[in-house]
Each structure stands twice: as structure tokens, then as C-alpha cells.
Amino acid sequence: MEAVLFYIFAIGVVVAGAQVVLRRNPIYGAVSLVACFFFLAGIYVLLSAHLIAILQVMVYAGAVMVLFVFVIMLLNLKEEELGEMHVTTMKGIGLAAVLVLVGFIAWKALTPVQFARDMAVNEQIHGFGGVKAVGNVLYRSSVLPFEVTSLLLLVAVVSAVVIAKGKI
Amino acid sequence: MMTIGPVHYLVLGAILFTLGAAGVVLRRNAVVVLMSVELMLNAVNLTFLAFSRFPLVQNAPMQGGILQGHVAVFFVIATAAAEAAVGLAIIIAVFRSRTSINVDEFDSLKF
Amino acid sequence: MQAFLDSLIRGWGHDPQTWVWTQLIYVAFMGLFSFAVINFAAVTAGIFSWAERRVAGRMQSRVGPNRAGPGGFYQWIADAVKLLTKEDLVPTEADQFLFRIAPYFMMVGFACVFVALPFSHRLVIAEMNVGVFYIIAVTALIVVGIIMSGWSSNSKWSLFGAIRSAAQIISYEIPAGMALMIPVLLSGTLSTQGIIRAQGPWPWEWYIFHDPASFAAFFIYFISALAEGNRTPFDLPEAESELVSGYNTEYSGMRFSYFFLVEWGNMWVMSALATTMFLGGWQVPFLPVTDAADKIAMLSGGWTVLAELASIAIFTFKTLFFVFIVMWLRWTLPRIRVDQMMNMCWKYLVPVSFAAVLFVAGWMLVIHAVPALDWIMRIVLTAGGAITLVMFWLRTLQNIKDTGDKFDFTSNW
């Protein structure tokens, strides 16, 4: 079951990710990116990272991608402004070759590595990756980074408005 | 093949990262470049989560130490959201003055 | 759900851990539950479409559907059959692929919510520990569907409608999300069932009357949910007088019906969520269910079934009451302007919702120190709410008497 789901999601991630890179029209790229993030959320669930999977869908599909699509529509590029496609068949084949090579190298390099154990299954950590467990770590050992993140988001909001607005 | 171990997730992360890097290098459209950066960030997230569930250290600390990976992913997601907002704002500002989002044309330090 | 299936498999004399067919049974029952949920959503949305037109007819002194069946009740079936058999047109200039799949995105985003929505004490498909987050997250798919449909139609009206809708929905997600965080803060769980268990059956035990900030949060949530569902007074994305029909202008037949199914079905979703988070959900009076003690489970035999039915009835009644209020608002209020809508969200609802979360966090510390204050505040707020309702009721009765209005159930309305 897990293997079947993993391969479905993994193929989805790679195909959708390739679409982002290879599609000429950015709208298609954005839609493929949404699909890619959904498949990735499925993979995160397989890794029993439930909270992160939900956050992934909420932040990326709900907010970031809408922002991307919004900007693409706002710029509303004409056909000729999209620029000619630099990705030719040869480059596509090259990309596929690189992907296979990277996957192969990673596979060969990682296979002899001894991984300690499966934390979610063997150690019986209760609620691994759930809200309580992650929240405990987040608020116990990373309070300062957490607070700084809120500052970062505030700065991002203000700077996005300042940069994009032109005249205030 | 049938049991999914850490290597599967890590290889998927490597492939996704390569895709993102290829997008940054190959594409000229600034929006697509930003989207490829998002892909790379997500590959990193996947790696964090895989190592969080399958740690390398034999006697890794319980709960607290292991779930640090999830916390890191949490921060990456927050940072990626901020990055997308600022990056797209910059693209809009540049598009106003250059009427183009081709990254090859952004070759002067001041305009 | 898994526990239920495991017990079912054990009933057949197999061990769910080792039996080969266990996974297949899981998948089969997932399919069965999805089928049931999608049909529930579709039928509810259909009946709401009829009810909405009846309510509109009543409120605006005009004729609603009144020919097919008692009170025109079969009208929604006739509409559905008509929409299903209509030709499925795709404009030549439209982007074929995106145009075709956009309605499915909306449908998926809408149907997925039902997985975490409770219906009664036991009737919930999955009790997740991230339930509320999950609901907020999958609703985001609806925005993606709207944008895709608007862009792929290759029509000005659709594009304007989609951009308005996207701006509106992602803006109002912030106050809605912050308002939903208040019951989460108070109950200490994200599970929808857990939040209901943390409340009680009586009004003063509900989160809406817990403190002034949660009272405000309820209304913030309700307004934001109206905006997220593109309901009047926030139906700018489909403003008929300016945009023809908004993002669904170019659609016809079955795909068009998906958009309306989502719109009407969303009324159930938002009302059920409001009921769950703020109004005590399915809690039955005299049979409170908490994490510590489950009075319904303690009953025996037929009484359990009766209590279960009562909890379904109570939840449905509360939800339908809010569905009615949503319809009532639609046929009473005029549409607001785009700038007014954005001002309302960013200048009023967002700051107020942040302040409400802060207040609730502080209030929890206060009542932790002085528990008596908790009950005083709850009683005062409940009394205030009750008095307002009674005054409203008396005023309405007076109005009805003055105008000599009457509602005749016996004729074909």
C-alpha cells in the first residue's frame, strides 16, 4: 500500500515539476506547481508529517500559488513577450539524462548508509509529526526563531507593498 | 523495491532539486525562475522530513531532537512565503520600468 | 473510521493486522464513504437551490418555483436533469484542458471538506488531529479552480470575476482563519470532534458566549465565510449587473452545475463549521459528551440509537438555521463595492480578529486565576443574547401584526 502510494505520488511530483520547467506559458507552470505541491503533500503524509502536509497545502496551494497566478495575470504577457522557447528537444533529453544520473548517484551513494531506525514506527513516538509533538518542539527549543519569523513576515508584507505600489 | 525506505525519499528530493535548479538555469521568465526556486525549497523540505523520520545517528535523542526537522520545514515554508511575496513585488516593479520579465534583460545595476 | 473497519473485520473472524484483504476493504469503504458524502453534498445543494428560491419569493413578494410537486419541491430535480442533459459547450478560443478540469478542482476542494466535518456524536468520516487546519487548507482548492476557470475561458467577464474572487477569498481567509483559531485556543485541540466535546449542550457552555472576543469572532467568521462563499453582500465575483455571471460565464451544462453545486453546498459547509466551532455542535441536552465522560456511550441499547438520532437532529437544526440566515441576508442586503469590501476586510476584520485572539489568550489566563469570572461572563453574555433574541422576536411579531401579513401553508403558496 505504502509503496504503491509512494510511486504514484513520486511520479506525480516529478512529472508536474518537469512541467513547471518545460512549459512555455507560465500559467501552465503555475498550475503544474499546484499539482506538484499536492503530490508532495501526499508524500509528506507518507512520511507521517501530517501537520507539515496540511501547512504545505494551506500556504503553497492556498496563498503562494494564488499570488503567482495573480501576478502572471496582472502582467498578462502577449504571445511574443513570452520569449522564444529555449528548451529544445535536445535540452529536454539532457534534462532527463541529468535527472536519471542524479537519481542514480544519490541511490548508489545512499544505499550503504546505515539509517538508525524508523522513528515513527519502531520507536513508537506517539503522534509523530502531529500538531502536539511538533508544537512542543517548536515552542520549547525554537521560540526565538519562531518570533523572528513573525517579524520576517511583517517585513515581507511591508516591503511587498512598498516595492509594488510605486507611489505611496 | 516494495518497502519504502529513507533512500527513496532522498532520491526523490535530489531529483526534485535538480529539476528546480534546471528551471533556474534554463528559463528566462522571471516568474518561472521564482517558481523553480520554490521547487528547490520543497526538495529541501522533503529531505528534512526524510531525515527527521529516519535519523542517521544511532542513538538519536527522542522526540525533541528528532522533530527538529519538522520545525526547520515550518521555518522554510514561512520564509518561502515571504520570499514569494517580495520576489513577485520586485518582478512587478521591474516590469513597470522595463515592460519585460526576461531575466537576461536585467543587466544594468541602475535604471 | 479505521477503528470501525477493524472491528468490522474482526466481526468476520479475521485479524485486521494479518488478513490479506484488509487494505482492499479499507479502499472499498473509502470509495463507499466518498460516494455517500458526494451524494449528500449534491442533494443538499439541490434542495438548498429550491429553498433559496422559495425564500427569495417569500421575502421579495414574488413567485418562486411552485409548479412541480408540493411547493415546487421537485424543481431542483428537474433543474439537475436539465443541466446534466444539456450540451457541454467549450468555446473555441478557450484553453481546452484547463477549461475542462477547472470545475473538478472546485468540486474536489468542496467535497474534501466533508471528510472532517462532523454530523453527529459518532458520524464523522475521519477524526483528524489537524481537522480545522485541514478544512482551511482544502478550501484553498476552490480558489485555484475559480482562477483556472476564469483564465481559461478567455473572456473579459470571466477573468475579471476570477481576479475579484481570488482577491476576495484570499483576503477573507485571514480573518476567518484567525476567528477559527479562538475555539482552537479555548479547547486546546484542532480536531472538530474534540472542539465539540470541549463545549457543552447549553448555550452558556458554547464558545460563542464564552467571552466578548469569541462572541466577536463568531461574527467575524460568519462575515468572512459569506465572503469566501461568494454570497451576497459579497457576490462581486458573479455580480450579474456588471460581469454577466463572473468566472462561470462561459460554462454550460454539467460543468456549470458544478459551480452552483459548490456555491450552494458551501452554505452547508460554512454553517456546519460555525455550528461546530462556536455553537456546541451535536451536544444533546442532559447528555453532555466530554473527553472525560461520554454520557451517550454510557446509555444502553435503544437509548443509544435515540441519543444518536437526537444529536444528528440538533446538529442539522442548528446548521439549517444558519443556512436560512445566509439566504435571508442574500435577499435583504444590497451588494457592496469592491473597495468597501477590501476596506472592511483589511481595515476592520483583520485587526479586530488579531485583537480578539490576543484578548482570548489573556482572558484564559484571567479565568485560570479567577474561575468565578468565567461563569459570570458566560451567564451575562448568554442573557444578553437571549434578551436580544426575545426583543427581535417581539418586534417581528408586532411588524407582522401591523402589516396583516399571513403565511398560508395549505395552498400551493
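## Chains B and C

Let's start with a pair that does not meet: in this predicted model, chain B and chain C share no contact. The closest C-alpha atoms of chain B and chain C are 14 Å apart.

Which chains do touch, then? There are 2 pairs of chains in contact, and the pair with the most contacts is chains A and B.

## Where chain A meets chain C

Chain A also touches chain C, and here 19 residues of chain A and 21 residues of chain C take part. On the chain A side, two elements each give two or more residues: α2, spanning 26–46, and α3, spanning 50–75. Of these, α3(A) supplies the largest share, with 13 residues.

What kinds of residues does chain A bring to chain C? By class, this side of chain A holds 16 nonpolar residues and 3 polar ones, while charged residues are absent.

## Inside chain C

Now a look at how chain C itself is laid out. Chain C is split into domain 1 (1–80), domain 2 (86–366) and domain 3 (370–400).

Take domain 2 and domain 3 of chain C: their C-alpha centres lie 25 Å apart. The two domains are in contact, through 7 residues of domain 2 and 8 residues of domain 3. On the side of domain 2 that touches domain 3 in chain C, you will find 5 nonpolar residues, together with 1 polar and 1 charged residue.

Conventions:
Residues are numbered from 1 along each chain as its sequence is written. Chains are lettered from A and ligands numbered from 1 in the order in which they are written. This is a predicted model: local features need pLDDT of at least 70, side-chain atom pairs count only at pLDDT 80 or more; totals for chains, interfaces and linings use all residues. Helices (H or I, at least four residues) and strands (E, at least two) are DSSP runs, numbered from the N terminus. Ala, Val, Leu, Ile, Met, Phe, Trp, Tyr, Cys and Pro count as nonpolar, Asp, Glu, Lys and Arg as charged, and the others, Gly among them, as polar. Domain bounds come from an automatic or database domain assignment.
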